[in-house]
Structures are given as structure tokens and as C-alpha cells.
Amino acid sequence: MLGLGSSLITSNTPLNLTLLGTYTSDFSSDVDGWGDFGTFSGTQTLTANQSIGGESAALKVSYDQDETIQFGIKKDTPWGKNFEVGDFITVDYKFYMEDASPQDGTSFSAYFQAGSSFHSSRRVNVSGSDGAWVTSSATLQRISSGGNSDEMRFGFGFQLNAPGSGDAWYIKDIVIKHFR
């Protein structure tokens, strides 16, 4: 008989993260400091305090032309700390596409990322049908450095599954927490 024990060796060091900052959106009176990134083909317009689909106080993002590169909205972290490799970020939000047709004609796929570099963090993707609110909640980790490491971004990375000319999307109830 082999002398195998029944005990497991485990670490006594718990995962101990510190909350560095929290952002909670408020689009009831203005765009809450959000701006655009990557819009080169036309104009992206941000409009605060919009109502749609039974929800109010949403941010509306609309386009006057098809975009062909990575584009969307961004905001610097309001807590004065950059996202660093290894940090964890939780994100919760509601997302809505209004009577829009993605450029490929099939489905939408948007994302959230921490930092401006395309590969700087694992992304939270949200896909949804036109005319319905989608609630997203996830945890992601910053996996590489580069770009502006204090930016929070929501956007579209590929033209085919993004809104086109005349389309709009809405976002609200954003809560982002940054842990190290």
C-alpha cells in the first residue's frame, strides 16, 4: 500500500486587494466627462439625459457616417490612479441599441476596456439585439502596459459589427471599480 496522505497544502495568504476608486455614472444633466475616441469618418455626438426603452437618464451616442476603425467613448479615471498590469476592474452597465443596423447586417458587439491600448486588458464584450436593454457585469484584469493607462473606454473594435451612419446606442448605470 502506498503511503499517500489525505491532507492538501494550501497557501495561508488570501487574495487581498485594495479598492483604489469607484466611478458611478450620472447622465441626468451632462455627459459626465465622457468624450469620443477614434472617430475619423464623421461626427460622433454625445447627448445626456435621454429616455428610451422604459429607462431614463441615459447617454446617447450617435453617428452621422459609418466608422471604419476602433471607436467609441472614453473617460479618464476620476480617482487619480492609472490602471497597472495585474489590477482588477469590475464593470456594470446597461447598453441599448436604437433601431440600428450593424454594418454587417447581423449583430452588434461592443466592449469595455481599461486603458487605451487595444490589448491592454481583457475586454468585457456585450452583444445584444436592437431595441432592448442589455445588462452587463464582469471582472477583468489589466494584462499589459501601453497607451493611456488612465482611460476607461466603451466602444466598437470592428466596423462590421458596429453601428453605422444614422445609428445610435445608449449607456447608463455604469459602475466601475478599480482594485490593486
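How many bridges join strand 4 to strand 11? Strand 4 (residues 55–63) and strand 11 run antiparallel and are joined by 4 bridges. Strands here are DSSP runs of E with at least two residues, numbered from the N terminus, and two strands pair if DSSP finds at least two bridges between them. This is a predicted model, in which local features need pLDDT of at least 70 and side-chain atom pairs count only at pLDDT 80 or more, while totals for chains, interfaces and linings use all residues. Residues are numbered from 1 along each chain as its sequence is written, and side-chain values use heavy atoms, with hydrogens and water left out.

Leu17 lies in the segment before strand 1 (19–24). Its relative accessibility is 34%, so Leu17 counts as partly exposed; buried means under 20% relative accessible area, exposed over 50%, and partly exposed in between, with a 1.4 Å probe and protein chains only. Apart from neighbours within four places in sequence, Leu17 is in contact (heavy atoms within 4.5 Å) with Phe88, Phe179 and Arg180. The C-alpha atoms of Leu17 and Asp87 are 8.9 Å apart, although 70 residues separate the two in sequence.

Asp87 also forms a salt bridge with Arg180, with the closest N and O atoms 2.8 Å apart. The term salt bridge means a side-chain nitrogen of Lys or Arg within 4 Å of a carboxyl oxygen of Asp or Glu. This pair links distant parts of the chain, 93 residues apart: Asp87 is in the loop between strand 5 and strand 6, and Arg180 is in the segment after strand 11. Asp87 is buried, because its relative accessible area is 2%, whereas Arg180 is partly exposed at 31%.

The structure holds 8 salt bridges. One of them joins Lys94 and Glu55, whose closest N and O atoms are 3.1 Å apart. Here Lys94 in strand 6 is linked to Glu55 in strand 4, 39 residues away. Glu55 has a relative accessible area of 22% and is therefore partly exposed. Another salt bridge runs between Glu151 and Lys74, at 3.5 Å between the closest N and O atoms. Glu151 lies in strand 10 (residues 151–156) and Lys74 in strand 5 (residues 71–76), so this pair ties together parts 77 residues apart in sequence. Glu151 is buried at 3% relative accessibility, while Lys74, at 27%, is partly exposed.

What remains is the nonpolar interior. A nonpolar core is a set of buried Ala, Val, Leu, Ile, Met, Phe, Trp, Tyr and Cys residues joined through side-chain atoms within 4.5 Å. The largest such core has 27 residues, and Phe154, Trp169 and Ile176 have the most contacts inside it. Among the elements giving two or more residues to this core are strand 4, strand 10 and strand 11; strand 6 gives the most, with 5 residues. Residues touched by Phe154 include Trp34, Tyr93, Trp169 and Ile176. A second, separate core of 6 residues includes Ile52, Ala58, Trp133 and Ala168.
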